[in-house]
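Biologist: I am new to this structure and should be grateful for a close look at one part of it. Please begin with a single residue and then proceed to whichever part deserves a detailed account.

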Amino acid sequence: MLSGWELPEKAFQWIEKNIPFGSNIVELGSGHGSVRLSENYNVWSVEHDETWLNISSNTYIHAEIVPFSVNGIEGLWYNVEKIKHSLPEKYDLLIIDGPPSTIGRNGVLTFQEIFTWNCHILVDDTHRAQEKFIADELSSQKSLNQIHFTEYFEQNDSNREFIILSPK
Ligand SMILES: C[S@@+](CC[C@H](N)C(=O)[O-])C[C@H]1O[C@@H](n2cnc3c(N)ncnc32)[C@H](O)[C@@H]1O
């Protein structure tokens, strides 16, 4: 049974239907779901917590959480110095599923230059305001289409949402 930490089942179904097996995927935030991705894809998993490193054959990038202050925006996010030279040149999917919401994920908007954006982007947990904001900002800044998904999560009797952003 899914724990609620990994991507929703519908997200795996979308990925496995739309991203050709053997493609490169970059994932922010690793977990048990990364193991499933590793069965069919070359995955680069960015992770701050040593507990969730090296649990699959993925390439793990250990980037600790550090404070940032850029153009008046302050927050906590991965150490970009650890990420920026470690990603593959091309990837077909970027998954935004970390760091945990208690740390915040807005750094992906602040440090956009370390990623390439001509790929599909999966923003998980968009039932939460901060993650929905990230999806809306990326789609408006980069003119990306949005497809919204909802999955009922029996364990806490609520809906989980995620959004796929794709080039028009
Ligand atoms: C939403 S999880 C990422 C899940 C991952 N993308 C997956 O599909 O399994 C965000 C962060 O929570 C932590 N984490 C992952 N799995 C966890 C679990 N089962 N319990 C507690 N923390 C977890 C990791 O530090 C991870 O970066």
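Modeller: Ser 45 is located in strand 2, which comprises residues 42–47. Helices (H or I, at least four residues) and strands (E, at least two) are DSSP runs, numbered from the N terminus. The structure is a predicted model, in which local features need pLDDT of at least 70 and side-chain atom pairs count only at pLDDT 80 or more, while totals for chains, interfaces and linings use all residues. Residues are numbered from 1 along each chain as its sequence is written.

Ser 45 counts as buried because 28 C-beta neighbours lie inside 10 Å. The term is defined by numbers: a residue is buried if 20 or more other C-beta atoms lie within 10 Å of its own, exposed if 12 or fewer, and partly exposed in between, with C-beta atoms placed from the backbone. Residues up to four places away in sequence set aside, Ser 45 touches Glu 27, Ser 30, Ser 34, Asn 58, Tyr 60 and Ile 61. Contact here requires that the C-beta atoms of two residues, placed from the backbone, lie within 7 Å.

Ser 140 is 95 residues from Ser 45 in sequence and 26 Å from it in space, C-alpha to C-alpha. Ser 140 is one of the exposed residues of helix 5.

Helix 5 consists of 14 residues, 129–142. At 1.5 Å a residue these should span 20 Å, and the end C-alpha atoms are 20 Å apart, which agrees; the expected span is 1.5 Å times one less than the number of residues. The buried residues of helix 5 are Glu 131, Ile 134, Ala 135 and Leu 138. Viewed down the axis of helix 5, these buried residues fall within an arc of 95 degrees, so they line one face of the helix. The arc is that of the directions from the helix axis to the C-beta atoms. As a general point, an α-helix has 3.6 residues a turn, so residues three or four places apart point the same way. On the other side of helix 5, Ala 129, Gln 130, Ser 140 and Gln 141 are exposed.

What covers the buried residues of helix 5 includes strand 6 (93–96), helix 4 (107–110), strand 7 (120–124), strand 8 (144–153) and strand 9 (158–167). Helix 4 supplies Leu 109. This residue touches Ile 134 and Glu 137, not counting residues up to four places away in sequence. Leu 109 and Leu 138 are 29 residues apart in sequence, and their C-alpha atoms are 7.6 Å apart in space. Leu 109 is partly exposed, because 15 other C-beta atoms lie within 10 Å.

Asp 125 is buried, since 22 other C-beta atoms lie within 10 Å. With its neighbours within four places in sequence left aside, Asp 125 is in contact with Ser 101, Glu 131, Arg 160 and Phe 162. Of these, Glu 131 is among the buried residues of helix 5. The C-alpha atoms of Asp 125 and Asn 159 are separated by 9.8 Å, although the two are 34 residues apart along the chain. At the other end, helix 5 is followed by Ser 143, whose phi is positive, near 50 degrees. In general, most residues other than glycine have a negative phi, and most peptide bonds are trans.

Neighbours within four places in sequence aside, Leu 122 is in contact with Ala 11, Leu 93, Ile 95, Ile 96, Phe 162 and Ile 164.

Finally, the loop between strand 6 and helix 4 contains Pro 99. The peptide bond from Gly 98 to Pro 99 is cis, with omega near -5 degrees. That loop also holds Thr 102, which is exposed, because 6 other C-beta atoms lie within 10 Å.
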